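Thanks for coming, everyone. Take a moment with the sequence and the structure, and then I'll walk you through it.

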Amino acid sequence: MLNFLLAVVFTVSLYLIMRAFPKYKVQPFHAVFFNYYSCVLMGLMLMPNRQQYFSTDWGATPTLLTLALGAMFVVVFALIGITTTKVGVTAASLAGNMSLVIPVLFGLFVFKNNNKDFTFLNYLGLLLALVALALSTLKKNGNAESVKTGAVLFLPVILFFASGTNNTLINYTSSTFYQPSESSLFTAIACTGAILIGNSYLLVRVLFFGEKVQWQSVVGGLILGFPNFLSFYFLLGALSDFGNSAAFVFPIYNVLSMLTSAFMAWILFKETLEPLNKVGLALAVAAIFLISYQEIMSVF
């Protein structure tokens, strides 16, 4: 359970740091690229045997798949940025959080790695989690919801599938090719893939399009990398603790992260919730209980 709680703590820290970026004139897109250097460094620091990383067979299928997963990290982050800019924060947040349904369904019906028999109440909890996530992210633009037309409407759909695919691949790759004790190795290799594709893209932008990189973005990215790595590291530990049951771990992880983020944003940034947001948070608590009531009852 400790891995679960730490995953939530560092995920919330990640959001809070990014929330502070505008204050320090940090370009989020650039910071994302540089944060993976800190991720690899943290992976090496937490790795029981660092020689594992340096002696990795970089041409082996598991390694190539893990590097490709790192590339997905960058793609998802980029899609979040583009969707936020073109469609809005609400659409981006909604698409990213609702994507949890993809690893859950794969865990239940494809990988069949759920560590318990799901009952009607568990499935009801999954449904309530989606509703809660949706209500918790709804914001109004003036007196009416913002309306977008044209091709940009597909951006949230693409983000939904990209984020869900990313989470599914994390669960599949880590559980299939790595031992639980190798979570730091897995994360370091995945982040190496993110460095390769992210910085290749940034180099092209700098050399051929005259894009400027500010030192604030470099420093912000390096700071961002520590909670980013640790959130992923402890999430892998939580998956391992619960038999790689994505159907159990991901809904609770997402909902708890949103609840804690909302509370900390209220404390630190004085952000307020609309009535529908409060209903969403209440449903989130109900969803957590329904999804995990067997585990909760077993304690008593």
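**A walk through the helices**

Let's start with S231, which is found in helix 10, residues 215-241. Helices here are DSSP runs of H or I, at least four residues long, and strands are runs of E of at least two, numbered from the N terminus. A word on the source: this is a predicted model, where local features need pLDDT of at least 70, side-chain atom pairs count only at pLDDT 80 or more, and totals for chains, interfaces and linings use all residues. Residues are numbered from 1 along each chain as its sequence is written, and side-chain values use heavy atoms, with hydrogens and water left out.

Is S231 buried or exposed? S231 is buried, with a relative accessible area of 6%. Buried means under 20% relative accessible area, exposed means over 50%, and partly exposed is in between, with a 1.4 Å probe and protein chains only. What does S231 touch? Leaving out residues up to four places away in sequence, S231 touches A7, F10 and T11. A contact means heavy atoms within 4.5 Å. S231 and L5 are 226 residues apart in sequence, yet their C-alpha atoms are 9.8 Å apart in space.

Now the whole chain. The protein chain has twelve helices and zero strands. Of its 300 residues, 47% count as buried. Take contacts between residues at least 6 apart in sequence: 86% of them join residues at least 24 apart. The chain exposes about 15000 Å², and carbon and sulfur atoms supply 71% of that. Those areas come from the Shrake-Rupley method with a 1.4 Å probe; for residues, only the protein chains shown count as cover.

Next, the core. A nonpolar core is a set of buried Ala, Val, Leu, Ile, Met, Phe, Trp, Tyr and Cys residues joined through side-chain atoms within 4.5 Å. The largest one has 62 residues. Those with the most contacts inside it are F4, Y36, Y53, F73, F248 and V249. Another core, of six residues, lies apart from it, and M72, L79, A95 and A162 are among them. Back to F4: beyond four places in sequence, F4 touches A238, F242, F248, V249, I252, Y253 and L256.

On to the rings. A search of the whole structure finds 17 aromatic pairs. Rings of Phe, Tyr and Trp (its six-membered ring) pair if their centres lie within 6.5 Å; planes under 30 degrees apart are stacked, over 60 edge-to-face, and the rest tilted. Why is the pair Y172 and F177 edge-to-face? The ring centres of Y172 and F177 are 6.2 Å apart and their planes are at 90°, so the pair is edge-to-face. Y172 is partly exposed at 33% relative accessible area, and F177 is partly exposed at 30%. Ring pairs also link Y36, F73, Y178, F186 and F232 into a cluster.

N167 is found in helix 8, residues 154-177. N167 is buried, at 16% relative accessible area, and touches S99, P103 and F250, not counting residues up to four places away in sequence. K25 is found in the loop between helix 1 (2-19) and helix 2 (28-46). K25 is not a glycine, although its phi is positive, about 55°. K25 is exposed, at 64%. Last, helix 9 is followed by G210, whose phi is positive, near 70°.
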